[in-house]
Amino acid sequence: MLTNVNRVSKLRVITMANVEGKTTVEKDGYLVVGKAEGVVEIDVDTFLCKGCGICVEMCPRKVFEWSKELSEKGVHYPVPVHAEKCVKCKLCELLCPDFAIAVRW
Ligand code: SF4
Ligand code: SF4
């Protein structure tokens, strides 16, 4: 099981995960963790996020936890630490009022 998150950018959190194993790769200048295929990638733009909590509350699989540190906006932001539980419903992406989340696979 993989629940790894690397926050190497000041502006984004990207998590790729599956239930079998992990590989760290670099994509678009960011470190991502997961396998190259068969994974879900949950990308949170912490610059856009205002910390409203809609995604945290509405995710049916409780994928997100709040960051310990503050973003540039001075708010806690969601970190997809349980990305391996994601069912790819895209609810978080659709409900985010600031278009701060992208879920890809
Ligand atoms: S796509 Fe669905 S299950 Fe995955 S993190 Fe977003 S709300 Fe949660
Ligand atoms: S719904 Fe969007 S703005 Fe609100 S906490 Fe989640 S990512 Fe941030």
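Predicted model: local features only at pLDDT ≥ 70, side-chain atom pairs only at ≥ 80, totals over all residues.
Local features were taken only where pLDDT is at least 70 and side-chain atom pairs only at pLDDT 80 or more, whereas totals for chains, interfaces and linings use all residues. Side-chain values rest on heavy atoms, with hydrogens and water left out, and residues are numbered from 1 along each chain as its sequence is written.

Around ligand 1, the residues with a heavy atom within 4 Å are Cys59, Pro60, Val63, Phe64, Cys86, Val87, Lys88, Cys89, Lys90, Leu91 and Cys92. This shell divides into 9 nonpolar, no polar and 2 charged residues, where Ala, Val, Leu, Ile, Met, Phe, Trp, Tyr, Cys and Pro count as nonpolar, Asp, Glu, Lys and Arg as charged, and the others, Gly among them, as polar. Ligand 2 is surrounded by 13 residues, of which Cys49, Cys52, Gly53, Cys55 and Cys96 are the closest; by class, its shell holds 9 nonpolar, 2 polar and 2 charged residues.

Leu91 also belongs to a nonpolar surface patch, formed with Ile54, Met58, Leu94 and Leu95, that has about 420 Å² of accessible area together (Shrake-Rupley method, 1.4 Å probe, only the protein chains shown counting as cover for residues). Patch residues have over 30% relative accessible area and no salt bridge, and nonpolar side chains (Val, Leu, Ile, Met, Phe, Trp, Tyr) are joined within 5 Å, like charges within 9 Å. Helix 1 (54-58) and helix 2 each supply at least two patch residues, with helix 2 giving the most, 3 residues; helices are DSSP runs of H or I of at least four residues and strands runs of E of at least two, numbered from the N terminus.

The model contains 4 salt bridges, defined by a side-chain nitrogen of Lys or Arg within 4 Å of a carboxyl oxygen of Asp or Glu. In one of them, Arg104 meets Glu41 at 2.7 Å, N to O, linking strand 7 (residues 101-104) to strand 4 (residues 40-45) across 63 residues.

How values were computed: Chains lettered and ligands numbered in written order.
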